[in-house]
Amino acid sequence: MITYLAKRFFEMIPTLFGITLVSFLILQLAPGKPTDVLTEMNPKITPEARERLEKLYGLDKPMMVQYGMWLKRVVKLDFGNSFSTDRRPVLEKIWDTKQALIDRRLFITFFINLLSMILIFIVAIPIGISSATHQHSLFDKITTVFVFIGFAMPTFWFALLLMMLFGIHLDWLPISGFKSMNYESLTLSGQIWDRTRHLILPVFISAFGGLAGVSRYMRGSMLEVIRQDYITTARAKGLSETAVIYKHALRNALLTIITLLGLSVPGLIGGSVIFENIFGIPGMGQLFYMGVMTRDYPLVMGILTIGAMLTLLGNLLADIGYMIADPRIRAK
Amino acid sequence: MNDYSLKKLFWTRFKRNRLAITGGVVVFVLFFIASFANLVSPYDPNDIDRKHILEAPSVSHPLGTDDLGRDVLSRMIFGSRISLSVGFVAVGIATIIGMIVGAISGYYGGWTDRVIMRVIDIMLSIPTFFLILAVIAFIGPGIWNIMIVIGLTSWMGVARLVRAEFLSLKEREFVLAARALGASDMRIIFRHIMVNSMAPVFVSAVLGVASAILVESALSFLGIGIQPPVPSWGNILTLGKDNIEIAWWLSVFPGVAILITVLSYNLVGEGLQDALDPRLWGSGK
């Protein structure tokens with residue numbers, strides 16, 4: 001079991017390497033030099049100064065050499081300095097150790113994605129099970145409609161609608177930011193409640209697409225499993241329906257879902273750009289958007305790499321989950 | 001079973017699926033509207049009318065006006081052109097790449113296959129939306145760039161499908177027969193195997209149009225997709241966000257349009273999938 005996990009872990013390294021190479025090459029293919037954004041703003045810059053700047057960032061070297069230089073720094077977790085006016089190190093912008101854990105960008109994005117994963121798990125799986133065990137019932141039909149709408153719903157639009165309803169019309173929830181103006185003056189429980197209120201809409205929005213997908217696949221997977229012979233056997237030996245469904249069928253049906261959750265991590269992380277932008281959440285997605293708009297190459301490459309690491313981490317967690325659910329793999 | 005009866009069987013099955021037919025009709029109507037946008041839209045989509053800024057829906061402006069007094073209905077009608085063309089071109093690019101890559105991988109196997117599958121794994125681990133966002137922002141917005149970038153980042157599913165089909169078809173008798181007759185690899189790949197693996201590719205292309213439309217609208221909403229004054233459903237929603245407290249119609253209608261369009265493509269795709277799945281043919285449903 002340990003060897004299996006170790007093997008999976010070491011398989012991640014070439015993948016991570018490949019991801020950074022692909023991202024690096026694609027960004028290099030874009031027209032213009034990364035330093036353009038530094039020089040364009042400055043009309044007084046001389047060609048010599050421009051050349052010096054290019055040399056400083058290694059832009060006079062061939063592309064593969066540049067990638068090598070970049071990679072050498074990244075293994076030491078040094079993503080370089082941001083091109084923005086503050087010139088701070090990229091890592092410090094993403095993970096600012098001077099701030100409380102909950103206000104660090106990477107933590108915010110990770111936390112919201114984690115919460116929405118948990119939400120997907122505890123809501124979608126029971127829905128999928130019930131609609132499979134009561135196939136063609138009214139509940140099944142209603143959830144099918146919900147699922148189809150969920151698949152087709154542009155999440156950013158749904159976010160706008162919820163903002164209008166709960167933020168403006170009913171005035172129940174804040175529509176922007178991750179804490180209130182008076183946050184510092186609140187008591188501890190007040191602060192927790194304030195964060196919770198700011199989290200409700202973003203977490204729900206980021207989970208929404210996944211809710212539809214996972215409940216659909218759970219239903220399909222469950223329907224397939226309950227037609228198997230071993231389920232008939234379990235029923236025939238007189239087990240209660242609860243035991244048949246939750247002990248015999250669920251475990252096998254969960255296997256597909258675990259793989260699916262692992263695969264959905266890149267989508268969740270990519271989606272964070274959208275909801276962080278809409279709700280003004282100061283996370284990694286918002287930073288990425290700002291970086292992209294200002295052509296901040298070191299920042300963009302840094303976040304792409306960290307996003308890929310998070311994805312691979314998600315895949316590894318899915319593998320572990322798979323192992324817990326499937327004794328056949330544990331035995332290996 | 002000859003070709004005629006297969007087609008007939010497929011059509012009878014598809015026809016019975018009322019939701020899929022409804023979806024198909026909506027898609028057809030949308031095509032009609034997009035093609036004849038200049039005839040069906042009540043106003044010029046770029047006509048600025050400073051006397052009627054941010055007006056709620058009324059008889060003269062059924063879906064209201066935006067912050068420059070432009071008619072929202074007309075802008076949405078012209079916006080449908082963007083959604084449909086981005087959907088089709090992006091999926092066309094993705095499907096062609098996916099078919100070629102999948103065919104090579106499945107047909108030749110061995111090292112070629114292993115390397116290609118590794119590349120696909122890598123592409124699937126990149127948060128694609130991050131990459132699309134970065135590339136578009138760096139090479140500049142513009143409809144062609146969006147189509148190409150969405151196409152280049154969404155071929156992996158098709159490639160996997162085609163590879164699986166090739167793996168199961170390449171050992172079949174008709175392929176062996178073609179090889180025995182001395183047909184070239186190219187001929188076997190395209191004339192013998194590819195034609196027999198088109199059904200699942202077609203289904204995934206229809207579903208792919210739906211997701212490409214969603215990605216385009218999200219990009220335009222974030223301000224790096226289709227640039228105003230060219231109207232797209234996504235960039236009208238940006239105005240909706242900016243005026244969220246005063247103009248609900250800017251936020252509601254374009255979203256409904258995206259929802260209905262994407263839903264229709266999905267329904268058609270699911271209908272095709274069920275109708276093409278031989279496992280469901282005997283069920284009398």
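Author: Chain A is divided into domain 1 (17–78) and domain 2 (101–331), with bounds that come from an automatic or database domain assignment. The model is predicted: local features need pLDDT of at least 70, side-chain atom pairs count only at pLDDT 80 or more, and totals for chains, interfaces and linings use all residues. Residues are numbered from 1 along each chain as its sequence is written, while chains are lettered from A and ligands numbered from 1 in the order in which they are written.

Reader: How far apart do the C-alpha centres of domain 1 and domain 2 of chain A lie, and how many residues does the contact take from each?

Author: The C-alpha centres of the two domains of chain A lie 36 Å apart. The contact takes 8 residues from domain 1 and 8 residues from domain 2 of chain A, where two residues are in contact if their C-beta atoms, placed from the backbone, lie within 7 Å. Helix 1 (residues 2–29) of chain A gives the largest share of the domain 1 side, 5 residues. Helices here (H or I, at least four residues) and strands (E, at least two) are DSSP runs, numbered from the N terminus.

Reader: How do the residues on the domain 1 side of chain A divide by class?

Author: They divide into 6 nonpolar, 2 polar and no charged. In this scheme Ala, Val, Leu, Ile, Met, Phe, Trp, Tyr, Cys and Pro count as nonpolar, Asp, Glu, Lys and Arg as charged, and the others, Gly among them, as polar.

Reader: What is the secondary structure of chain A, and what box do its C-alpha atoms fill?

Author: Chain A comes to 14 helices and 0 strands. Its C-alpha atoms fill a box of roughly 85 × 55 × 35 Å, taken along the principal axes. Among contacts in chain A between residues at least 6 apart in sequence, 71% join residues at least 24 apart.

Reader: What makes helix 11 of chain A roughly perpendicular to helix 12 of chain A?

Author: Two packed helices are described by the angle between their axes and the distance between the axes. Helix 11 (residues 241–279) and helix 12 of chain A pack at an angle of about 90°, with their axes 7 Å apart. The axes are lines fitted to C-alpha atoms, for helices over the stretch in contact, and angles run from 0 to 180 degrees between N-to-C directions. Angles under 35 degrees count as roughly parallel, over 145 as roughly antiparallel, 65 to 115 as roughly perpendicular and the rest as oblique. Helix 11 of chain A is therefore roughly perpendicular to helix 12 of chain A. Helix 11 contributes A:S272, A:V273, A:E276 and A:N277 to the contact, and helix 12 contributes A:M284, A:G285, A:Q286, A:F288 and A:Y289. By class, the residues of this contact are 4 nonpolar, 4 polar and 1 charged.

Reader: Why does A:R295 count as buried?

Author: A residue is buried if 20 or more other C-beta atoms lie within 10 Å of its own, exposed if 12 or fewer, and partly exposed in between, with C-beta atoms placed from the backbone. A:R295 has 22 C-beta neighbours inside 10 Å and therefore counts as buried. Its place is in the loop between helix 12 (284–293) and helix 13 (297–325) of chain A. Phi of A:R295 is near 55°, a positive value in a residue other than glycine. Most residues other than glycine have a negative phi, and most peptide bonds are trans.

Reader: Why is B:L54 called partly exposed?

Author: B:L54 has 16 other C-beta atoms within 10 Å, so it is partly exposed. B:L54 lies in the loop between helix 3 (37–40) and helix 4 (72–108) of chain B, and its phi, near 50°, is also positive.

Reader: Which peptide bond is cis?

Author: The bond from B:P228 to B:P229 is cis, with omega near 10°. B:P229 lies in the loop between helix 11 and helix 12 of chain B.

Reader: What makes helix 4 of chain A hardly covered?

Author: Among the 12 residues of helix 4 of chain A, the count of buried residues is 1. For chain A as a whole, buried residues make up 35% of the 332 residues, and for chain B 44% of the 285 residues.

Reader: How many residues of chain B are in contact with chain A?

Author: 33 residues of chain B are in contact with 39 residues of chain A. Helix 6 of chain B supplies the largest share of the chain B side, 10 residues. That side has 23 nonpolar, 7 polar and 3 charged residues.
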